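Dear colleague,

My notes follow below it.

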Amino acid sequence: DMNFKKHAIYGSLYFFITGENDTENVNQAIALIREYGELEKANLYLFSDSASGELLMSNIESHKMKIRRIDESFALIQRTLYENPTAVFDSAREVAENGDKIISAVIVGMGGYGREMFKTLLWYGQMDGYRLHLHVFDQSENIEQELKYLCPEILSEQYNGKYVPGEAFYSVKVHGGMRVGTEKFANALAKITDASFVLISLGNDDLNVQTATGMRVIFERMK
């Protein structure tokens, strides 16, 4: 109902589309691009981590409006790692036989943030002199199949946990059907005796804190 074009005469115009409904965000972005796409001083920021948001950005026609997509999961994980870029490596433990260090990472919860950290660590951990051991926990029984669909080559028996000449070593173990706060979860966690980096992302702040506290207790018992 509002005509923003007259505002662009005097200065830049910024649209931030930040709703919780991703489909609605994309539809609003399309409508605004159609209405104001030819304004040179117009800027549009679409907050979206969905495939539809990504497709919109890659297939959009040429416009004078500056259009950017903000993937919150990607942005948070990248910022977490890059603001303290050596944290993952500083906490790694040495492997006596050849001097390599092990990064033993644990991800609890494979929602948007968990999956982004999963993908980023697999790239981030490819450093000479380091080996990445990655444990993934999720309540879904099918999480391993979902990850194999997402990145089949990474989780294939040909590469996962295998030494390939000229390639960085990594191993991924997926723990599906795991509910935090259960004996099954605690027993599986207790087998990871060298955890050096942990991300807890369960979509609920209280549950995140409870899980973090419980995990600290388990790790403290193991020294």
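**Arg221 and the chain around it**

Arg221 counts as exposed because its relative accessibility is 67%, where exposed means over 50%, buried under 20% and partly exposed in between, with a 1.4 Å probe and protein chains only. Please keep in mind that this is a predicted model, in which local features need pLDDT of at least 70 and side-chain atom pairs count only at pLDDT 80 or more, while totals for chains, interfaces and linings use all residues. Residues are numbered from 1 along each chain as its sequence is written, and side-chain values use heavy atoms, with hydrogens and water left out.

Turning to the whole protein chain, you will find eight helices and eight strands (DSSP runs numbered from the N terminus, with at least four residues of H or I for a helix and at least two of E for a strand). The radius of gyration is 22 Å, well over the 17 Å that the globule rule gives for 223 residues, so the chain is more spread out than a compact globule; the radius is taken over C-alpha atoms, and the rule is 2.2 Å times the number of residues to the power 0.38. Along the principal axes, the C-alpha atoms fill a box of roughly 70 × 40 × 30 Å, and buried residues make up 39% of the 223 residues.
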